[in-house]
Amino acid sequence: MKDDDYIPIRNNLSLRRKNQRRIWALIIITIVIIISLASIPIVIYAYKTIKNSINYNLKLPCEELPEIEKVRQVVEDHKDIIEEIENTSPEYVWVEINERCNGKGELFIYYDTVYTRDKILEIIGGDTFFGVPYRLFNV
């Protein structure tokens with residue numbers, strides 16, 4: 001037998017190996033893409049959880065809360081800013097006065113998205129709303 005008779009067999013084996021490599025490469029790339037797509041929601045959830053835990057406001061003790069009349073007066077004096085806050089996402093953001101501890105109060109600000117929350121915090125620009133403590137709630 002001549003060496004020329006074995007050339008088609010070698011080429012056939014070489015072609016099969018190339019095809020197997022391509023198939024394995026395609027499988028690996030597909031698995032990497034699926035894992036990447038599946039991990040995106042997990043990363044987003046972890047980011048939101050960490051961000052919310054860093055910005056978490058504990059309830060102030062009653063002694064540190066202002067009188068409810070002062071809270072009402074601040075809200076009355078700054079209605080334009082309250083409206084600006086509520087207009088960050090109309091019908092999904094609202095501000096209300098929360099009275100607790102017999103005549104002491106604070107503000108509750110309800111919002112819909114993290115983006116809206118960031119806009120609200122930017123508008124307020126501090127730890128209190130003109131001396132009145134506030135708490136944010138995602139609804």
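Strands β1 and β2 pair in the antiparallel sense over 7 bridges; strands (E, at least two residues) and helices (H or I, at least four) are DSSP runs, numbered from the N terminus. The model is predicted: local features need pLDDT of at least 70, side-chain atom pairs count only at pLDDT 80 or more, and totals for chains, interfaces and linings use all residues. Residues are numbered from 1 along each chain as its sequence is written, and side-chain values use heavy atoms, without hydrogens and water.

Two strands pair if DSSP finds at least two bridges between them. The open sheet has 4 strands in the order β1-β2-β4-β3, with mixed pairing. β1 and β3 stand at the edges with a single partner strand each, so one side of each lacks a neighbour in the sheet. Glu99 has Gly105 in β2 as its bridge partner. Helix α2 packs on the sheet and touches β1, β2, β3 and β4 (132–138). Contact means heavy atoms within 4.5 Å.

The axes of α2 and α3 come within 5 Å and cross at roughly 75°; axes are lines fitted to C-alpha atoms, for helices over the stretch in contact, with angles from 0 to 180 degrees between N-to-C directions. Therefore α2 is roughly perpendicular (65 to 115 degrees) to α3. Val75, Glu76 and Asp77 in α2 meet Lys79, Asp80 and Ile82 in α3.

Helix α3 (residues 79–86) buries Ile81, Ile82 and Ile85 (under 20% relative accessible area, 1.4 Å probe, protein chains only). These residues lie on the same side of α3, because their arc around the axis is only 105°, taken from the directions from the helix axis to the C-beta atoms.

Methods: Buried means under 20% relative accessible area, exposed over 50%, partly exposed in between (1.4 Å probe, protein chains only). Angles under 35 degrees count as roughly parallel, over 145 as roughly antiparallel, 65 to 115 as roughly perpendicular and the rest as oblique.
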